[in-house]
Amino acid sequence: MTLTIVLKHQPLARIPSATTGWSDVIVLLLGLLVLIHGLSGYGLYEPHEGHFGGVAREMLLRGDWITPHLNGSPYLNKPPLLYWLIATSTTLWGSTEYAARLPLAIIGWLGAIVAWKWARELWNPTAGRLAALMLCSTTGWFVFTHQILIDVLLATLLLATYYCLWRLERAPHCWIYWLSLYSLLGLCVLTKGPVFLGFPLIGCLAIAFRQRSWRLFQQLRIRLGIIVTSLVTLPWFMAVEQANPGFFHYFLFNENLKRIADTRWPPDYEVSKVSAIGYLVVTAIWCLPWIVVLPQALYSAWQDYWPNYSRNYLPSYSPNYSDSSQQPNSYRYTNQNCHPCFETSVGLSDSYWDPKQEGRELGFREASSDQTFTNSRSSGILLLVIAATLPIVAFLPLSSRLVYYSIPSIPPLIILCAGWWSRCQDQKQRQGRIAAAVSFCSLGVISGLVGISARLWNPNWVSKLAELSNYRDFDGIIYAIALWFSSGFLIGGIFLLLKRAKSASVSIFLSFFFVYVTFTHSFTTLQDIRSAKTLIETANPVLGLSTLWTFEGSRELGAAGAMSYYLNQDHRHLAEIGNREQGTGNRGEELTKTVSRQYVCQRSNHKFNQVVLKPGTKEEPKNFPSSLSCPSFDLPAGWAKGKDNTAYRIVLVLTDSGFNRLPPEFPGPKPQYGITKQKLQEYWDSSRPVVFVTDFLGQPGDNLDDLSVSGKSGKVPRADSQHLSDHPATMQHPESNLNLPKHVGEPLLVVEPRKLYGNAAAREIWLASQ
């Protein structure tokens, strides 16, 4: 039997229920306002925000959009898409925290638009509006659009990829969705690497298994799709490999395969790892508050999917007679609910083919003409379930799972919840609606009682935590969150009992909006614990551009990247290198050199002379002293070359300060920011102003690791004339607190866990400013 496929193109038919109204516009704008609220007012949290914000900032400072740099050296552990977005935003809005976080908020909003569109096409316009509001008010989606991490971007791209795949299953000849599908796959690779390409592939296999046919893979035109994806990804990979030989091997193995196997080096992600049970718990937290109705949503999706699958594996066909014979020579696809781009006729050239008979042979019931059939809904629900479960199931057995790896599960779960919520007033959903109402009311009562009890019997329990001992106001923040949480759940549950589902969703949405308003206030309150912004902005204007900044190191280089970010916030790319000459009366003498010859001018006694690098100077100054020796074209320590003959400041980082502070090892030369403790001591003993910042993170469970930051009692060990190596604990564990230089003295500045120490020259400047 030979089958001939005849394709008849038609313009896209408009689904009446898919008409966009003012209510949809208002809902989407409201979601945008929620996501962009609270993006500023607090510093870049370390190390993750310092990493992404710092790399994007240095792209602009260096003019290099190919090789990511952090703290003056290549940083090759992530593809560049998020860096490009943040750098573009910084170009438009300036070097601020708001500009750095804005791209993720916009991306999260675009994810809400995809959820809105998919839900309304699967169910009804109400489901679309609910999906947008629910996603924008989901805990994980809000938090990770206000903290710069890559996973919201990946989640949005994956959701859009699944949506395009679903549309192509319905209308395989719509070139817009075909091109979008493979372009989105390329953007996924530029976001987090090739590993996540397997997720949409599993979705394709699931649809093919459901259809009992490989027809979808033929419709996807995979060979041409690979070309499109390659055109998106290969230009950057080829350029960065050419600029950094060995990058591709390092990125594929160390940053992808070894990360999955939990053998990546260095293991600088330990702070975010979580157990299998903890992974499930944090996933549930990320999906609050709407995860309460997840059981009802899954049962409703099962009802939507399985009856169609069991009764209507084969689509309904109507005979298409080309002549007056009794036997049809083709069957025409007549599904009116699928919104297709084309109309298909199956020609029968040899013998009569009865689809109902084939269906009976396969064990499926006949599809009567009066049965409502929507194959697209079944495929859409299948893809949503796969999209929701894969990030959870794939990483659950891996020891390398991190707390935010389940973020891509949030949008599909929310779409399923919105589908149930939009129909929960139906009589068939009565039991599920009552169960959800009881759950919301119970959670509201329990959270309210816990908050009130804690307030009455132990009002300062939050501030008694070690890291929050200086934040008495944080107790009020926690209680405010508990109040909004409790009231929203309780009111929403009551509305559900009254069969007022829209009022219930609005009340929960508003209560969690106020929760997030309070939550972003806590970001500002606690910024000194996880951000160096206050320390840098306080000390840098006093110490000046001549001061060399050094850092103990941390679990990730992003902490040093954040310090460099704030050191370069004054928009002065040109270097002023301070001078303190001994034995002469001309202290502070300024010498002008051309920017194109940026080098270190040193005397034989290694005392730095002040050099002001000014743009537009073409000639060397006539009065440049001949006694100065300028043997190299390198900038002095603490400076990196930027674009257009400019320079910007970096922070020198110890490379031998402990196992948990090992710097990354990228292909290419060693980073210019790396120094040993011996080299640090040489800088410390020189006449150049040098400051040293301690790590704000210690090894968990290792009190000795914190000695260079704080003693076991929580107070910093003082050392005026003696080195900290004389500390009794250090005598037994000499490797634990030798990171501070000798003769370090008292800290110049203490901002929460960070201590700023200065050598004699820096201390003189600091005391003079006081």
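Strands here are DSSP runs of E of at least two residues, and helices are runs of H or I of at least four, numbered from the N terminus. The model is predicted: local features need pLDDT of at least 70, side-chain atom pairs count only at pLDDT 80 or more, and totals for chains, interfaces and linings use all residues. Residues are numbered from 1 along each chain as its sequence is written, and side-chain values use heavy atoms, with hydrogens and water left out.

**Entry: β7.** I counted four bridges between β7 and β15, which run parallel; strands pair if DSSP finds at least two bridges between them. Two bridges join β7 to β13, also parallel, and Phe 551 has Val 653 as its partner there. I found both faces of β7 covered, with Leu 548 and Thr 550 buried on one side and Trp 549 and Phe 551 buried on the other. Buried means under 20% relative accessible area, exposed over 50%, partly exposed in between (1.4 Å probe, protein chains only).

**Entry: α24.** In this helix, residues 677-685, I listed Leu 680, Gln 681, Tyr 683 and Trp 684 as buried. Down the axis of α24 they fall within an arc of 160°, so they line one face; the arc is that of the directions from the helix axis to the C-beta atoms. Gln 678 and Asp 685 are exposed on the face turned away. The buried residues pack against β7, β13, β14, β15 and β17, where contact means heavy atoms within 4.5 Å.
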